Amino acid sequence: MSEERYAIVLVDPNLLPGSHLASNVGLACLEAYLAAHDLRVRTVDAREIEGCAALTDVVGMSVMDHSYAAARALSRRLPGKTVIWGGWTATAAPELILARNAAVDYVVVGEGERTLLRLLRCLADGGFPDTLDGVACRRPNGGVLLRPPSSFLDLDGLPIPTRLAVLDRLVFLELARGCHGRCGYCQETPRMRWKSAGRILAEIEHWHAAGFRHFYFGDANSLANVRLLREVLDGVEQREMPIEVLLAGRPDDALRALPVLESLARSRSPRLHSIEVGIEADSPGALELLGRRGTPDTNRRAIRALCDLRDRHSPGTRIHANLILFPHFDMSFDDFVANVRFVGDFRCSREVLGMQLYGLANTPVWHAMRSRGFRPDEDHGFQIAEYTFSDPEVEALFEALVRRPLAREQRRPGFALSHRRALQHRVHDQVIGFYDSGDIRAAALRFAGRGGAPS
Ligand code: B12
Ligand code: SF4
């Protein structure tokens with residue numbers, strides 16, 4: 001008797017040495033959706049695909065910048081299969097991907113659930129998906145055909161994601177999709193949609209019944225809809241589910257959500273585990289260069305208020321202020337000094353300190369970088385990470401503080417993410433050193449080998 005075949009095998013191509021497929025929320029949603037439409041699906045990691053490729057004609061890969069090179073190599077090893085890419089990098093650069101990757105047949109752009117189902121049905125019927133929204137493919141006579149998605153999904157209508165939405169006992173729960181932030185360096189679509197409180201509570205009940213207690217209200221926007229957040233937290237309290245929540249949002253949203261956050265900080269069930277706030281930069285100039293709403297004043301008021309809530313009601317809660325030390329190639333030295341002052345004033349955690357801005361494919365920042373002649377790195381989803389700063393003092397400082405030490409680390413055999421993180425910690429220590437010196441500018445200039453008479 002022949003083994004039953006899969007309509008598609010989904011792959012997370014990101015294979016770190018010694019790792020296994022732990023979690024991927026996108027694939028968790030796709031698995032659940034296809035299964036709900038009676039398709040046989042299997043999800044595997046990069047090592048397992050070789051073993052089960054014979055059981056399917058179609059392989060789907062979830063591609064982000066850090067997994068781009070692995071996805072490309074894997075796709076080449078699947079001759080005779082129909083290869084479909086989806087995910088963030090795929091969505092950002094479908095034309096480039098199809099032009100550079102002969103092994104990729106189709107790219108699904110944006111939300112994958114309905115589009116992938118339609119594409120699989122079309123392929124099973126022997127059709128050519130040139131009329132399907134949200135699919136990019138090669139035209140038979142050359143060139144790429146791209147039909148952007150024409151509508152968004154009703155999030156309440158989607159099935160609850162599978163166990164792949166859980167990483168180390170932490171459940172990643174989508175409250176919304178899209179983001180109205182429109183920051184110039186972000187690939188997120190500006191069209192924002194929310195799940196209803198009832199649906200979110202049903203998901204929490206589902207995972208709670210399965211024994212999970214930690215919930216990441218993810219997607220950078222859990223503070224943006226204050227009424228929804230209140231309804232969800234009240235619902236959790238009424239249902240007496242002893243869970244811990246991790247929240248994320250922008251400073252202005254955190255300020256608007258303060259009353260809700262205050263009652264959450266006071267509550268023992270649900271408990272406020274942590275809040276991650278996107279500061280990104282703490283000078284008006286750098287925020288403007290990033291195309292980011294908000295001001296240093298909102299940044300500071302938000303973090304101060306959150307630290308105050310923590311100190312008064314919930315000492316165990318962690319406040320993460322995400323900041324990019326070198327946030328733009330046209331930044332000034334004063335922008336750097338302002339960032340150091342922020343890190344020092346709030347003793348921001350070294351774990352969330354971003355060292356530099358990355359140009360993500362097809363964002364306004366990326367286009368500006370390209371017009372300067374900075375080169376995309378094809379192995380990292382066309383990201384731009386190598387560039388010079390227009391201010392010579394910033395350039396000298398970046399070279400001494402980040403670029404040269406990072407290059408030295410990367411030359412070591414067995415360079416891994418942990419080495420990068422260790423460097424991030426050393427940079428953080430140095431930043432605190434600049435701050436504690438009492439004259440940030442002079443200390444940083446001295447470090448950069450540019451003299452540095454006190455200003
Ligand atoms: C929660 C989160 C995390 C969590 C957990 C991620 C997880 N377990 O999946 C943690 C903290 C671990 C994490 C880590 C990282 N993350 Co993260 N993360 C997120 C965040 C905020 C939400 C992810 C999520 O739940 N999405 C909801 C799902 C449903 O959406 P989705 O993944 O896009 O999937 C849909 C479509 O893309 C598509 N699709 C996806 N795959 C496929 C495959 C096929 C075949 C098809 C057809 C369609 C398809 O269909 C899906 C359903 O509609 C996103 C931003 C966001 N809003 O998505 C960033 C984001 C995905 N992360 C990002 C990054 C950079 C990282 C890190 C590299 C950070 C770092 N420096 O370490 C690591 C990488 C870790 C790893 N190995 O994957 C970037 C990726 C950018 C890029 N272009 O690659 C994002 C977009 C944030 C950003 N704006 O920069 N992350
Ligand atoms: S607020 Fe965050 S998710 Fe929203 S557009 Fe800006 S960077 Fe992207």
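Helices (H or I, at least four residues) and strands (E, at least two) are DSSP runs, numbered from the N terminus. The structure described in these terms is a predicted model, in which local features need pLDDT of at least 70, side-chain atom pairs count only at pLDDT 80 or more, and totals for chains, interfaces and linings use all residues. Residues are numbered from 1 along each chain as its sequence is written, while chains are lettered from A and ligands numbered from 1 in the order in which they are written. The protein chain is divided into domain 1 (8-147) and domain 2 (169-321), with bounds that come from an automatic or database domain assignment.

**Domains**

- The centres of domain 1 and domain 2, taken over C-alpha atoms, are 31 Å apart.
- Five residues from domain 1 and four residues from domain 2 form the contact, where two residues are in contact if their C-beta atoms, placed from the backbone, lie within 7 Å.
- On the side of domain 1 that touches domain 2 there are three nonpolar, one polar and one charged residues. Here Ala, Val, Leu, Ile, Met, Phe, Trp, Tyr, Cys and Pro count as nonpolar, Asp, Glu, Lys and Arg as charged, and the others, Gly among them, as polar.

**Ligand 1**

- Ligand 1 is surrounded by 37 residues, of which the closest are Gly-26, Gly-60, Met-64, Gly-86 and Gly-112. A residue is near a molecule or strand if its C-beta atom, placed from the backbone, lies within 6 Å of it.
- At least two residues of this shell come from each of helix H1 (25-36), strand S3 (58-62), strand S4 (82-86), helix H4 (88-92) and helix H6 (113-124).
- The most is given by H1, with five residues.
- The shell around ligand 1 comprises 16 nonpolar, 15 polar and six charged residues.
- Because domain 1 and domain 2 both give residues to the shell, ligand 1 lies between them.

**Ligand 2**

- The residues surrounding ligand 2 are Cys-179, Gly-181, Arg-182, Cys-183, Cys-186, Glu-188, Ala-220, Arg-250 and Gly-278.
- By class, this shell has four nonpolar, two polar and three charged residues.

**Packing of helix H15**

- Helix H15 (residues 392-411) packs with helix H16 (residues 417-436) at an angle of about 150 degrees, their axes being 11 Å apart. Axes are lines fitted to C-alpha atoms, for helices over the stretch in contact, and angles run from 0 to 180 degrees between N-to-C directions.
- H15 is therefore roughly antiparallel to H16; angles under 35 degrees count as roughly parallel, over 145 as roughly antiparallel, 65 to 115 as roughly perpendicular and the rest as oblique.
- Leu-401, Val-402, Pro-405, Leu-406 and Glu-409 in H15 meet His-419, Arg-420, Leu-423, Val-427 and Gln-430 in H16.
- The contact of H15 with H16 has six nonpolar, two polar and two charged residues.
- H15 and helix H17 (residues 440-447) pack at an angle of about 65 degrees, with axes 8 Å apart, and are therefore roughly perpendicular to each other.
- Glu-393, Leu-397, Ala-400 and Leu-401 of H15 make the contact with Ala-444, Leu-445 and Phe-447 of H17.
- The residues of this H15 and H17 contact divide into six nonpolar, no polar and one charged.

**Backbone geometry**

- Most residues other than glycine have a negative phi, and most peptide bonds are trans.
- The peptide bond from Ser-269 to Pro-270 is cis, with omega near 5 degrees, and Pro-270 is in the loop between helix H10 (258-266) and strand S14 (271-280).
- Glu-280, found in strand S14, has a positive phi of about 65 degrees although it is not a glycine.
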